[in-house]
Amino acid sequence: FEPQRNLMVHTTNLDGGGSIAADGDGRVFVAWHGNRADGQGDEGSRQVWLARSIDDGRTFERERAISDPATGVCGCCALRLVSNGSALHLLYRTATEGVHRDVYALVSRDHGQQFTGERLHAWRIAACPMTSMAITAGTHALAAWETDGQVYMRRLHQAGTRVDSPGLLPDASARRKHPRLAVSHAGDTLLVW
């Protein structure tokens, strides 16, 4: 292994972990959420940040914010990033006004240069729910997340537009958390939580 490098040069307050993705053309993407290093901040001022490499991870561009600053980011909730070659998809949970813990999807069709966002699922709760998400690459990005103790799943077009409404799994009486996804080459999908 090569020596560690700190990609958080202009950000601070990392929480909830980060996520890494790579494509087949030498691009590596690392995403996390945090605050700007030069100021104090709460969840409402957190943003999703991206550091990008175009040389298989040998060097990285300076990190830059890619989420809408108005959404904030839920401090302890994990985000997930995936590349399917033609698109880069990212899921995160907001912290708007401290009570809107919505799941948002970001998509880039130009290898991480620009992103557009879409709210996938609303959740009003005045606390950090400490959730995680899952997303897979393929013809469609498949996303899974928790809202209010239930796991939901949805397919996304490569362009980031909706294909399915959030689908609640059967037997909604059970409490569910921390979804994970796997998709075979034949298209069989495995969802665990």
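Predicted model: local features only at pLDDT ≥ 70, side-chain atom pairs only at ≥ 80, totals over all residues.
Local features need pLDDT of at least 70, side-chain atom pairs count only at pLDDT 80 or more, and totals for chains, interfaces and linings use all residues. Residues are numbered from 1 along each chain as its sequence is written, and side-chain values use heavy atoms, with hydrogens and water left out.

View A. With a disulfide taken as a pair of cysteine sulfur atoms within 2.5 Å, the count here is zero. C76 is in no disulfide either, the nearest cysteine sulfur, that of C128, being 4.3 Å away. C74 is buried at a relative accessible area of 0%, while C76 is partly exposed at 33% (buried is under 20% relative accessible area, exposed over 50%, partly exposed in between; 1.4 Å probe, protein chains only).

View B. Strands are DSSP runs of E, at least two residues long, numbered from the N terminus, and two of them pair if DSSP finds at least two bridges between them. The order is 6-7-8-9, with antiparallel pairing. Strand 6 (80-83) and strand 9 (116-121) each have a single partner strand, so one side of each has no neighbour in the sheet. Four bridges join strand 6 to strand 7 (residues 88-93), and L81 has L90 of strand 7 as its bridge partner.

**View C. R154 in strand 12.** Here is R154, placed in strand 12 (residues 150-156) and buried at 1% relative accessibility. A polar atom of the R154 side chain lies 3.2 Å from the backbone oxygen of L120.

Technical notes:
Polar contact = N/O pair within 3.5 Å; in protein donor to acceptor, adjacent residues only side chain to side chain.
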